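Here is a short briefing for a first look. Keep the chain in view while you read.

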Amino acid sequence: MAEPKAVVSKMRPARTWKRADKWSRASTVNSVERLPSEILMKILSYLDAAALFSMSHINKLFYQLANNDALWNKIYTAGLIKRKKREPICADEPLLKTAATEVQDRAAGYWRRRHFTSVAAYEMNKWKSNLRPISLHTGMPSQTERVLSNLHVSWELTVSDQSGRQCTLEPSRSQFCETCVTLWWSGGGGLPNYGQISTLQLHGVRRIALNCPGLKKPGWRCLMAKLDMEALAESAQVIGQDRLVELRLLQPGIIVGVWRDSSSVAFVMVTLHFHRLLERSSQGSSVCPYVEPIFRSPFDDIDPEYGLHGYQLHVALYNSACTIMSRSFPQIFCRRTQISDGLIQLPAISSTIISQHTRLSSRINLPWSCEALQGTVKNCCIMSLTLLDEFKTPFWCVGSPVSMEREKTPVSYDYDGKHFLIHYCDSDGQLKMKLVWMKEQKQLFVISLVAYVSVCKVNRHFNRNY
């Protein structure tokens with residue numbers, strides 16, 4: 001009986017110490033709050049932006065004190081001076097001259113917003129230079145993932161149901177490939193049934209890097225996509241299914257996995273192409289997406305087939321487990337006589353040239369997982385398409401799940417296996433990929449690949465009249 005008593009006698013002082021510690025912290029906060037506001041403001045004036053931001057979350061008093069415009073004007077001005085020493089030409093130099101005299105003339109919270117905006121712009125300009133190295137294979141920046149990570153760019157999905165309730169979710173996982181990033185949001189009971197969803201909104205989120213653990217960093221949300229589910233109810237296409245889930249393509253790049261036995265949402269998957277992904281994720285507003293600047297190639301009235309040649313096509317097929325195919329096709333073209341049905345035909349792999357036929361590294365399927373359950377949808381995968389014009393400028397970029405359909409076996413003297421077709425289509429063009437299953441090798445081969453681009457898109461870009 002002596003040992004238990006000894007243990008109890010050791011535990012009691014620890015409990016007393018914890019209570020005393022809790023009481024002492026509360027008393028410390030209360031004693032600080034009793035100081036005159038002038039002294040508190042003097043203390044806060046020695047803090048940096050991260051500490052001041054953290055102090056604003058303590059209580060109502062410190063929220064008011066830590067959001068004082070004079071404090072944030074001082075931090076903003078000090079930041080401008082520091083950046084001016086690094087860069088001879090400072091974009092905010094006119095504001096630097098007038099910042100000290102306009103503290104009272106600005107609306108409440110102006111200098112705090114101005115400081116975080118200037119920090120974000122400085123970091124953006126610094127890291128955007130890392131996007132300049134372009135991959136010769138894909139035609140896209142090779143450091144996109146690194147730049148997005150260093151700028152603390154992420155994405156959120158906001159789901160609204162028919163009763164007006166909203167829930168905002170962060171991705172459960174993400175996967176970067178050569179030219180795309182694919183994001184997954186698991187249902188897990190947090191999403192309404194598929195038929196009760198009214199809108200889906202995808203936002204890019206840019207956070208400011210502050211050393212304030214446990215607090216949500218200040219940042220901006222930029223609308224990237226907004227889907228009216230009631231309008232899409234009839235047009236949503238089922239591109240595949242297994243025994244548990246059904247994949248419904250809402251629009252290019254966005255699919256919803258629906259449980260077949262309950263019609264509730266298992267997961268949402270979004271694929272984003274790297275073309276201007278940083279701008280689309282950070283330079284719009286919470287209600288309006290980023291508007292891509294209009295680019296037109298130089299006018300050329302000498303070349304009779306200007307805008308029909310010099311293209312480079314990169315196509316990749318992949319899933320969450322591996323890359324199935326990744327190939328680039330330079331110098332593809334279309335003759336003027338091949339324009340038909342409002343489309344310009346750009347063949348990359350010809351069915352008659354066997355040396356161009358490409359073997360896939362694995363079968364086409366799309367693994368998925370949701371909490372403790374997982375499965376694989378056959379004949380589905382993610383496709384990335386990047387078409388560059390003759391000036392190596394991105395002309396048509398796509399990242400989207402696609403499905404492979406069985407095709408009626410055509411007459412073929414080279415292949416006697418089962419024939420399949422992957423057909424992607426949007427307002428800018430189409431892509432048709434024909435495949436054949438070789439029994440002996442137990443592999444799929446791409447025997448034809450053709451990109452079709454809208455004549456209207458070519459005419460606008462090259463100022464032509466085809």
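**Briefing on a predicted model**

Met433 touches Val315, Leu317, Met325, Phe420, Leu421, Ile422, Val446, Ser448 and Leu449, leaving aside residues up to four places away in sequence. The model is predicted.

**Nonpolar cores**

- The largest nonpolar core has 42 residues.
- Met433 is among the residues with the most contacts inside this core, together with Leu313, Ile364, Leu387, Leu435 and Leu449.
- A second, separate core holds 36 residues, including Leu157, Leu227, Val268 and Leu278.
- In soluble globular proteins, nonpolar side chains tend to be buried together.

**An open sheet**

- Six strands make an open sheet: its 6 strands run in the order β3-β4-β10-β9-β8-β7, and the pairing is antiparallel.
- Which strands stand at the edges? They are β3 (173–176) and β7 (237–241). Each has a single partner strand, so one side of each is left without a neighbour in the sheet.
- Neighbouring strands of this sheet are turned by 20° against each other on average, with direction ignored.
- Inside the order, β9 (residues 254–259) pairs with β10 (residues 265–273) in the antiparallel sense, over 5 bridges.
- Val258 has Val265, in β10, as its bridge partner.

**Aromatic pairs**

- The count of aromatic pairs comes to 11.
- Trp72 and Phe116 form one of them: the ring centres are 5.4 Å apart and the planes stand at 55°, so the pair is tilted.
- Trp72 belongs to helix α5 (residues 69–86) and Phe116 to helix α7 (residues 110–128), so this pair ties together parts that are 44 residues apart in sequence.
- Are these two residues buried or exposed? Trp72 counts as buried, at 1% relative accessibility. Phe116 counts as buried as well, at 5%. The cut-off for buried is under 20% relative accessible area.
- Tyr76 and Trp111 form a tilted aromatic pair, at 5.3 Å centre to centre and with 40° between the planes.
- Tyr76 lies in helix α5 and Trp111 in helix α7, so the pair ties together parts that are 35 residues apart in sequence.
- Tyr76 counts as buried, at 0% relative accessibility. Trp111 is also buried, at 0%.
- Elsewhere, ring pairs link Tyr306, Tyr311, Phe395 and Phe462 into a cluster.

**Charges over rings**

- Lys457 lies over the face of Phe395, 4.9 Å from the ring centre. Phe395 is a member of the ring cluster with Tyr306, Tyr311 and Phe462.
- Arg248 places its charged end over the ring of Tyr194, at 4.4 Å from the ring's centre.

**Positive phi in two loops**

- Asp341 is not a glycine, yet its phi is positive, at about 55°.
- Where is Asp341? It sits in the loop between β12 (323–332) and β13 (343–349).
- Asp341 counts as exposed, at 77% relative accessibility.
- Lys392 is not a glycine either, and has a positive phi of about 60°.
- The loop that holds Lys392 lies between β17 (380–388) and β18 (394–407).
- Lys392 is partly exposed, with a relative accessible area of 45%.

Technical notes:
Residues are numbered from 1 along each chain as its sequence is written. This is a predicted model: local features need pLDDT of at least 70, side-chain atom pairs count only at pLDDT 80 or more; totals for chains, interfaces and linings use all residues. Side-chain values use heavy atoms; hydrogens and water are left out. A nonpolar core is a set of buried Ala, Val, Leu, Ile, Met, Phe, Trp, Tyr and Cys residues joined through side-chain atoms within 4.5 Å. Buried means under 20% relative accessible area, exposed over 50%, partly exposed in between (1.4 Å probe, protein chains only). Contact means heavy atoms within 4.5 Å. Two strands pair if DSSP finds at least two bridges between them. Helices (H or I, at least four residues) and strands (E, at least two) are DSSP runs, numbered from the N terminus. Axes are lines fitted to C-alpha atoms, for helices over the stretch in contact, and angles run from 0 to 180 degrees between N-to-C directions. Rings of Phe, Tyr and Trp (its six-membered ring) pair if their centres lie within 6.5 Å; planes under 30 degrees apart count as stacked, over 60 as edge-to-face and the rest as tilted. A charge sits over a ring if NZ of Lys or CZ of Arg is within 6 Å of the ring centre and within 35 degrees of the ring normal.
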